[in-house]
Amino acid sequence: VLLQQMLADLRRLQSHLGTTLGTAEEEGATSFALVLVGPGLWSHYHSTPNGIQGEYHVNGPLAGQTVVLTHHSVLRALLKGNLTTEQATRLGLLAFSGHQSDTVRNAFERGFLSSI
């Protein structure tokens, strides 16, 4: 049941990001990997002509891919609007790693603006 909840929340993240990664693509980032720390559940997100596409329960990040690290409870708080990406990052609950991490962080911030 918990796995199904996590997958549903990862899909909700995909819809929150909408086309923000497309904007990030103009800045050089076209994909990122996200890991839910604890269960070690990895997902890949990349931009397509139809918006953000997610792949869930994958083996890990692709070479050179920006990695987003967080916990499922933090993702849920972001999705519910109880926490901003800036707060989560400042508190160390959400981390971005890799050469395009600023671009992916900006995509997250834009994607969650509407839920504040």
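**Figure 1. Helix 1 and helix 3 are oblique to each other in the predicted model.** Helix 1 covers residues 2-17 and helix 3 covers residues 72-80. The two helices pack at an angle of about 45°, and their axes are 10 Å apart. Helix 1 passes helix 3 in a left-handed crossing. On the side of helix 1, the contact is formed by Leu-2, Gln-5, Met-6, Asp-9, Leu-10, Arg-12, Leu-13 and His-16. Helix 3 contributes His-72, Leu-75, Arg-76 and Leu-79. By class, six residues of the contact between helix 1 and helix 3 are nonpolar, three are polar and three are charged.

**Figure 2. Asp-9 of helix 1 is shown with its contacts in helix 3.** Asp-9 is placed in helix 1 and has a relative accessible area of 3%. Because buried means under 20% relative accessible area, Asp-9 counts as buried. The side chain of Asp-9 and the side chain of His-72 are joined by a polar contact of 2.7 Å. With neighbours within four places in sequence left aside, Asp-9 is in contact with His-72, Leu-75, Arg-76 and Leu-79.

**Figure 3. Helix 1 and helix 5 are roughly perpendicular to each other.** Helix 5 comprises residues 101-112. Its packing angle with helix 1 is about 90°, and the axes of the two helices are 8 Å apart. Leu-13, His-16 and Leu-17 of helix 1 make the contact with Ala-107, Phe-108, Gly-111 and Phe-112 of helix 5. The residues of this contact divide into five nonpolar and two polar, with no charged residue.

**Figure 4. Tyr-45 of strand 2 is shown with Leu-10 and Leu-13.** Tyr-45 lies in strand 2, which spans residues 41-48. The residue is buried, with a relative accessible area of 0%. A polar atom of the Tyr-45 side chain lies 2.9 Å from the backbone oxygen of Leu-10. Tyr-45 and Leu-13 are 32 residues apart along the chain, and their C-alpha atoms are separated by 9.8 Å.

**Figure 5. Leu-83 is placed in the loop between helix 3 and helix 4.** Helix 4 covers residues 85-90. Leu-83 is buried, with a relative accessible area of 14%. Not counting residues up to four places away in sequence, Leu-83 touches Val-74, Ala-77, Leu-78, Ala-88 and Leu-93. The C-alpha atoms of Leu-83 and Phe-112 are 9.6 Å apart in space, while the two residues are 29 residues apart in sequence.

**Figure 6. The protein has five helices and five strands.** Read along the sequence, these elements follow the pattern α-α-β-β-β-β-α-α-β-α. Of the 116 residues, 45% count as buried. Among the contacts with a separation of 6 or more, 62% are between residues 24 or more positions apart.

Terms used:
Residues numbered from 1 in each chain as written. Predicted model: local features only at pLDDT ≥ 70, side-chain atom pairs only at ≥ 80, totals over all residues. Heavy atoms only, no water. Axes fitted to C-alpha atoms, helices over the stretch in contact; angles between N-to-C directions. Helix = DSSP H or I, 4+ residues; strand = E, 2+ residues; numbered from the N terminus. Parallel < 35°, antiparallel > 145°, perpendicular 65-115°, else oblique. Left-handed = near helix turned anticlockwise from the far one by under 90°. Contact = heavy atoms within 4.5 Å. Nonpolar A, V, L, I, M, F, W, Y, C, P; charged D, E, K, R; others polar. Buried < 20%, exposed > 50% of the residue type's maximum accessible area, 1.4 Å probe, protein only. Polar contact = N/O pair within 3.5 Å; in protein donor to acceptor, adjacent residues only side chain to side chain.
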